[in-house]
Amino acid sequence: MTGAHLYALCLLMLCLTPGYSQDGKFSGPLKPMTFSIFEGQEPSQIIFQFKINPPAVTFELSGETDGIFMIQADGLLYYTRALDRETRAIHHLQLAALDAQGTKVEGPVPIVIEVKDINDNRPLFLQKKYEASVRQNSRPGKPFMYVNATDLDDPSTLNAQLFYQIVIQLPKVNNVMYFQINNQTGAISLTPQGSQELDPVKNSNYNLVVSVKDMGGQNENSLGDTTSVDITVKENIWKAPDVIEVIENSTDPHPIKITQVQWNEPGAQYSLVQQEKLERFPFSIDQEGNIYVTQPLDREEKDSYVFYAAAKDEFGKLLSYFLQVHVKVIDINDNPPTCPSAVTVFEVQENERLGSSIGIFTAHDLDEANTANSVLTYKIVEQTPKVPIDGLFMIETYEGKFQLAKQSLKKQDSPQYNLTVEVSNQAFKTLCSVQINVIDINDEIPVFEKSDYGELTLPEDTAVGSTILTIQATDADEPNTGSSRILYRITQGDSEGRLRIDTNPQTNAGYVTVQKPLDFETAAVSTITVQAENPEPLVLGVEYNSSSFASFKLIVTDVNEAPVFPQNVFQEKVSEDVAVGTKVGNVTARDPEGLDVRYSLRGDTRDWLKIDAVTGEIFSVAPLDRETENVYRVQVVATELGRSSLSSTSHFHLALADVNDNPPRLAREYTGFFFCHPVSAPGSLIFEATDDDQLSFRGPQFTFALGSESLQRDWELAKINGSSARLSPRHTNFEEKVYEIPIRINDGGRPPLEGTVSLSVTFCKCVEGSCYRPAGQQSGKPTVGMAVGILLTTFLVIGIILAVVFIRMRNDKGKDNVENAQSPEATPLRR
């Protein structure tokens, strides 16, 4: 190509190619410059046009040209083939201007070519296949391996920003990912599901396909690579040890190693955590995970210990869950048997048969139950007294059951026997005391002193609790025992339970007492049968007979009784607006003797009710008002006709249901509302409304409105809540006077009621924030002139009265009185 053709081509490219200089220009004088060029572009690209200043006629380019960068004689700088940032990222060039003789007349100056990166290198894994292992139940999120890739592109650009991803997991059980990867670092760890579910017994090998992409993995033009990861799942060695057995009261030197726990990786820090706060915790752990018992244990003090082992990293953070350590203390025979009490007492009836069980004697051993150490044997070593013979009793060797051994007992031989029992285990013996009392058998029945207690006549109003009869039976068995104690029971004639019988524990006398009211009309005559019996059962072959039964006739006489109401209070509910004459309730009473009953009211203080004297129906005779009485209470009197005209009283409560019959009103009297005149700033007045009807569960729901539309030009009324509103002036052009503002308040009830109230609002001059009005302008208050006139008039009247009294005194008294009148005390006041 000729120079002319190349020059033309360069001019064309100069026109078509954007500039790369740091100042954004395409041409300029010779000076130090830096250019940025993307790698991989087509060759023969123009970089810059340097201008020639005479006497310079050409340029000379040197430095790291790599045979790529050229400059024409006229200063046109260009490159001849595509740049590669990975080969050289920065080219340092030197440019000088030469004259016709080749002498440097300007320069050299540094020219820097920065090669800008493009994504022309795909990331590559360092290994085509990785292998790793992970422990079962390892902590999720903690990396157990890394995969690494490199990208030759500029690491400061997105081109070399790598994004890692697991694309395949084999096997993938239940479509659950057991492994996860950090997208930026390539760190592989277990997912929470993997930490819980990986089991080397079920599957010990997994394969992952991991991909890496540049451009942060977010561009569809990203370049990438894949690698294979083989993972072996190993058994988790962080496991709770089996139950550890430690023999109590060991005499070996302590501490003694009893077990070991171990984390899956070296470097863990171990500690023990108590489950229960013990005053003495006899265990420790070293940093190899060895657990020691630090002192002898006593099974009788505590038979087992449960605590936890923890593994932490160097920062004190738990590596995994706690391991439970269970220590069982093994028993040795180090406790003698103990007696159940200082003296164990049994009772046996006389005449019991041979072999009869007297009782079971149970001693105790603090050694572990159900072991040879706590097996006890029993033996009788002494009997006192030995009458009528020795060896009257025997005890079962292992069960401790006492039995009669040779003959039945007689209380007259001895009422009591004392035995010494030897209790033994494999290493110890203990002597215990046993006392056996011989008790009388219940072979005698109670016998009444008489079988018929005759007739007993009582009025039906006999008081409950009254003792009406004493009965007596005797028993020949041993006194003060269950065989001789007597209980009385009514077997016939008192199905209503009107009577009860109490026994005197010293004398066995029975007291017949009234426990329910007697009633002539229900049972006038009753034959009462009573049985006497013992709390202890009779011996075989002995039965109660007629000697243990007695009877008496109870005659109840009639007593005139007042009428009886079925209930103490009758309750009804009606609306407060029921019409006069409405039936509002009904009461009934019954006379025990069957006489007619008449009804009347008592306590009808408001004269609202009347009662039908025959039927007991109650009617309203006046308007009812819930706001006056929400529950109206009166007494109803029932009087029998004839005889003594006895009467009884019950109560009638009439609850009044509310109706909306009271219009709203102001909650209180508002007299002090004022605004300072002239009005300079907006203000408002707050007032509250109420009414006398019953509040709903939502509370008051009043609405507020001005009394007329014309008031809306001057006033604004705003609701605050269901009971309050705010009144505000709309402007400041008010006269200095009192304004009466009518307000309409609606209660929204059923039916809705509306009330109109008036608020007095004063516009007045203010002094220190308070309304000030001259006294002469306040209605009802005297002016200063009026006050002075009233005062002078009062003095004038008093003076006239005094003058009249003085003149009369002078006329009525004689000369002596006149002389006396000249005394200092009587000297009249002078003007």
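Predicted model: local features only at pLDDT ≥ 70, side-chain atom pairs only at ≥ 80, totals over all residues.
Residues are numbered from 1 along each chain as its sequence is written, and side-chain values use heavy atoms, with hydrogens and water left out.

**Overall form**

- The secondary structure of the chain comes to four helices and 55 strands, where helices (H or I, at least four residues) and strands (E, at least two) are DSSP runs numbered from the N terminus.
- The chain has a radius of gyration of 60 Å, whereas a compact globule of 831 residues would have one near 28 Å; the radius is taken over C-alpha atoms, and the globule rule is 2.2 Å times the number of residues to the power 0.38.
- Taken along the principal axes, the box filled by the C-alpha atoms is roughly 170 × 140 × 75 Å.
- Of the contacts in the chain with a separation of 6 or more, 65% are between residues 24 or more positions apart, a contact being heavy atoms within 4.5 Å.

**Surface**

- The accessible surface of the chain comes to about 46,800 Å², and 51% of that area belongs to carbon and sulfur atoms; accessible areas come from the Shrake-Rupley method with a 1.4 Å probe, and for residues only the protein chains shown count as cover.
- A nonpolar patch on the surface is formed by L791, L792, F795, I798 and L802, which together have about 530 Å² of accessible area, and one of these residues, F795, lies in helix α3 (residues 784-812).
- Patches are made of residues with over 30% relative accessible area and no salt bridge, with like charges joined within 9 Å and nonpolar side chains (Val, Leu, Ile, Met, Phe, Trp, Tyr) joined within 5 Å.

**Salt bridges**

- Side chains of opposite charge can pair when their charged atoms come close.
- A search of the whole structure finds 27 salt bridges, each defined as a side-chain nitrogen of Lys or Arg within 4 Å of a carboxyl oxygen of Asp or Glu.
- K379 forms a salt bridge with E422, the closest N and O atoms being 3.8 Å apart, and this pair links distant parts of the chain, with K379 in strand β27 and E422 in strand β30 (residues 416-424), 43 residues apart.
- In that pair K379 is partly exposed, with a relative accessible area of 46%, whereas E422 is buried, at 16%.
- R299 pairs with E300 in a salt bridge whose closest N and O atoms are 3.2 Å apart; R299 is buried at 11% relative accessible area, whereas E300 counts as partly exposed at 25%.
- The salt bridge between R500 and D502 has its closest N and O atoms 3.2 Å apart, and both partners count as partly exposed, R500 at 35% relative accessibility and D502 at 34%.
- Salt bridges that share partners also join E64, D66 and R88 into one network.

**Surroundings of E368**

- E368 is found in the loop between β26 (357-360) and β27 (377-384), and it counts as partly exposed because its relative accessibility is 23%.
- Not counting residues up to four places away in sequence, E368 touches R299, K328, D331 and S374.
- The C-alpha atoms of E368 and N249 are separated by 14 Å, although the two residues are 119 residues apart along the chain.

**Surroundings of N662**

- N662 lies in the loop between β46 (647-657) and β47 (665-666), and it is buried because its relative accessible area is 17%.
- The side chain of N662 makes polar contacts with the side chain of D661 at 2.7 Å and with the side chain of D693 at 2.8 Å.
- A polar contact is a pair of N or O atoms within 3.5 Å; within protein, one must be able to donate a hydrogen and the other to accept it, and residues adjacent in sequence count only if both atoms are side-chain atoms.
- Beyond residues up to four places away in sequence, N662 touches E627, D691, D692, D693, D747 and L753.

**Surroundings of L93**

- L93 lies in strand β7 (residues 90-98) and is buried, with a relative accessible area of 1%.
- Leaving out residues up to four places away in sequence, the residues that L93 touches include L61, E64, F69, V109 and I113.
- L93 and T259 are 166 residues apart in sequence and 75 Å apart in space, C-alpha to C-alpha.

Methods
Buried < 20%, exposed > 50% of the residue type's maximum accessible area, 1.4 Å probe, protein only.
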